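Me: I would like to go through this model step by step, with each term given its cut-offs when it comes up. Please look at the sequence and structure here before we start.

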Amino acid sequence: MADIKYESKIGQIAANDATVFNVLSNLENINRFRDVIPQDKIKEMEVSHDSIRLQIDGLGQKIAIAIVEKEEYKTIKFGAENLPIPFNVWIQLKQVAELDTRIRITIKTDMPMMFKMMFDKKLQQGVQYPFCVKYFPCGETACNIVFLQWGEQILPVQEGNINSS
């Protein structure tokens, strides 16, 4: 087994840290992506505010990804249960200006070298901006819209009166 760490480049999001944190720390937002999740692979999916439980075809048992730790507006740490390879994901946020938040994603896992050879490239690519958060003020109105983007899918995640200060 080898401890392996993957880190993204530092990304930039045109929103304040509170808005980004509130979107990413609410796992119920994954429901907006249900139509892009391969339904033939997922037998069952339960989503709550801080966890996702999945029955994936071929694994034989239900797995869970849950928020295990968070520091408001700064860090969200995810852990996994019932996977053959343990892993954690950290999302780090740092606001550098009013509408300028930096993001870094880190994956840490302990896997056999054979698995590393099989999954190394995909994990390196996956950690490099698997999603992008886009924030659009509505102009003169009081509403703002936050979008999550995964590949070519752009979906509204939070809309309405968002406190962006």
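Me: At the start of α1, which backbone nitrogen does a side-chain oxygen of asparagine 16 reach?

Reply: This is a predicted model, in which local features need pLDDT of at least 70 and side-chain atom pairs count only at pLDDT 80 or more, while totals for chains, interfaces and linings use all residues. Residues are numbered from 1 along each chain as its sequence is written, and side-chain values use heavy atoms, with hydrogens and water left out. Helices (H or I, at least four residues) and strands (E, at least two) are DSSP runs numbered from the N terminus. At the start of α1, the side-chain oxygen of asparagine 16 comes within 3.1 Å of the backbone nitrogen of alanine 18.

Me: How many residues of α1 are buried?

Reply: Buried means under 20% relative accessible area, exposed means over 50%, and partly exposed lies in between (1.4 Å probe, protein chains only). The buried residues of α1 include Asp17, Ala18 and Phe21, whereas asparagine 22, which is also in this helix, is partly exposed at 36%. The helix is thus mostly covered, and the number of its eight residues that are buried is seven.

Me: Is phenylalanine 21 buried or exposed?

Reply: Phenylalanine 21 belongs to helix α1, residues 17-24. Counting contacts as heavy atoms within 4.5 Å, and leaving out residues up to four places away in sequence, phenylalanine 21 touches Lys70, Glu71, Glu72, Tyr73, Lys74, Thr75, Ile76 and Leu93. Because its relative accessibility is 4%, phenylalanine 21 counts as buried.

Me: What is the geometry of the aromatic pair that phenylalanine 21 and tyrosine 73 form?

Reply: Rings of Phe, Tyr and Trp (its six-membered ring) pair if their centres lie within 6.5 Å, with planes under 30 degrees apart counting as stacked, over 60 as edge-to-face and the rest as tilted. A search of the whole structure finds one aromatic pair. Phenylalanine 21 and tyrosine 73 form an aromatic pair with 5.7 Å centre to centre and 80 degrees between the planes, which is edge-to-face.

Me: How many residues apart in sequence are the parts that this pair ties together?

Reply: Tyrosine 73 counts as partly exposed because its relative accessibility is 29%. Phenylalanine 21 lies in helix α1 and tyrosine 73 in the loop between β5 (62-71) and β6 (75-81), so the separation in sequence of the parts tied together is 52 residues.

Me: In β8, which residue is the bridge partner of isoleucine 4?

Reply: Strand β1 (residues 2-7) has a covered face made of Ala2, Ile4 and Tyr6, and an uncovered one made of Asp3, Lys5 and Glu7. Two strands pair if DSSP finds at least two bridges between them, and six bridges join β1 to β8 (residues 100-111) in an antiparallel arrangement. Within β8, the bridge partner of isoleucine 4 is threonine 109.

Terms used. Polar contact = N/O pair within 3.5 Å; in protein donor to acceptor, adjacent residues only side chain to side chain.
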